[in-house]
Amino acid sequence: MTPERFAVLAGAYGADPDRWPEAEREQALAFQRARPDQAQAVLEREAALDAALACWTVSGPGADLSGRVMAGLSRGRSLRLRWRVFLSGLGAAVTLAGGVAAGISVLALPQAGDQVSGALYSLTVLGEPIDDADEVAPDGQTR
Amino acid sequence: MAIEKREAVSDEDPDADVLRRMGEGDETASRELVGRKLARVHALALRMLGDAGDAEEVAQEALLRSWRQAAGWKPGRARFDTWLHRVVLNLCYDRLRRKREVPFAEPPDQVDPAPPADQRMAQDQTTRRVQAALARLPDRQREAIMLQTYQELTNIETAAVLGVSVEALESLLSRARRSLRALLEGAEP
């Protein structure tokens, strides 16, 4: 490790080796051991800033915050459960409505003997169009 | 500071299991996650916002969002802790924008319980100067200091939260610390 790199490391991460990137920590510590005077000057400057930053401590959250968070999660769980119940009810209703609609459609389908809807019947029920040659003209003649 | 806090990010997300259980509706897992994250989330919000009430609301909202995410969380994409820190920062900025406040305009309502009165006074004074100096940093530099110094994230984790490379993070931190030193020594950066 070069003196320049050591200065950059300490300048970015501070004087505490625990804060240095793991990949370079050993090399930086070796530099510190090999050139203590040079390292010391850099570290003292950074340690002063570390100490100033460390003055700003904050206390933990109030004792009841954890309980309030858990209560919020519990409300969320309850809402999610209600939403799922609602969705499953909605799903059942849609399925039922679909079944009723399908039943009505089947009842309303044209019968085989219905000449007017013969082509439609052929397409929907038989899945193939009536051959043009067999199509019945309105006057009853076969074309 | 515990060295393990500073270890590089491994492939395994330490929160993956608790998230999976939480997603399955396990209330014990929710309690475990809240116990694990609440203090850290609250500390970041308090430093960003400078108001205890706002910080508590942000912490609550962040953890509620965690719970909502849990069922669909895909391990391996991003670390949960990285995602959570980003959520907290975003919630803080939303709140600051709404209130049109300058961060740290007032010192936080609370500092740790403490040392003797004269020592406490000196510490409070330094705290106020640090807060004022941090408030003058560009947002990205301030975020880098908050995450790396106060949240004790590794360089890799901090870079992931900020969405930058480790090299770019190093540059942000270097500039931030140079500016802070100049401000605290009474000189303009």
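Reader: Which side chain meets B:Glu61 in a salt bridge?

Author: This is a predicted model. B:Glu61 lies in helix α3 of chain B, residues 52-70. The N to O distance is 2.8 Å, and the partner is B:Arg65.

Reader: Is B:Glu143 buried or exposed?

Author: B:Glu143 meets B:Arg86 in a salt bridge, 3.5 Å from N to O. Buried means under 20% relative accessible area. B:Glu143 has 3% relative accessibility, so B:Glu143 counts as buried.

Reader: How many residues apart in sequence are the parts that B:Glu143 and B:Arg86 tie together?

Author: The side chains of B:Glu143 and B:Arg86 meet in a salt bridge. B:Glu143 lies in helix α6 (residues 139-150) of chain B, and B:Arg86 lies in helix α4 (residues 80-99) of that chain. The pair therefore ties together parts whose separation in sequence is 57 residues.

Reader: Which residue forms a salt bridge with B:Arg31?

Author: B:Arg31 is partly exposed, at 49% relative accessibility. The closest N and O atoms are 3.5 Å apart, and the partner is B:Glu27.

Reader: How much area do chain A and chain B bury between them?

Author: The contact takes 37 residues from chain A and 46 residues from chain B. In chain A, A:Arg19, A:Leu53 and A:Trp56 lose the most area to chain B, together 20% of what that side buries. Carbon and sulfur atoms hold 58% of the buried area, and the total is about 4,200 Å².

Reader: Which residue of chain B forms a salt bridge with A:Arg5?

Author: Across the interface of chain A and chain B, the rule finds five salt bridges. A:Arg5 forms a salt bridge with its closest N and O atoms 2.5 Å apart, and the partner is B:Glu170.

Reader: Which helix gives the most to the side of chain A that touches chain B?

Author: The rule finds eleven residue pairs in polar contact across the interface of chain A and chain B. On the chain A side, α1 (3-13), α2 (22-34), α3 (36-54) and α4 (65-108) each supply at least two residues. The helix that gives the most supplies ten residues: α4(A).

Reader: What distance does helix α8 of chain B reach from its first C-alpha to its last?

Author: Chain B has eight helices and zero strands. Helix α8 covers residues 166-184, 19 residues. At 1.5 Å a residue, 27 Å is expected, and the helix comes close to that with 26 Å.

How values were computed: Residues numbered from 1 in each chain as written. Chains lettered and ligands numbered in written order. Predicted model: local features only at pLDDT ≥ 70, side-chain atom pairs only at ≥ 80, totals over all residues. Heavy atoms only, no water. Helix = DSSP H or I, 4+ residues; strand = E, 2+ residues; numbered from the N terminus. Expected span 1.5 Å × (residues − 1). Contact = heavy atoms within 4.5 Å. Buried area = accessible area lost by both parts, 1.4 Å probe. Salt bridge = Lys/Arg side-chain N within 4 Å of Asp/Glu carboxyl O. Polar contact = N/O pair within 3.5 Å; in protein donor to acceptor, adjacent residues only side chain to side chain. Buried < 20%, exposed > 50% of the residue type's maximum accessible area, 1.4 Å probe, protein only.
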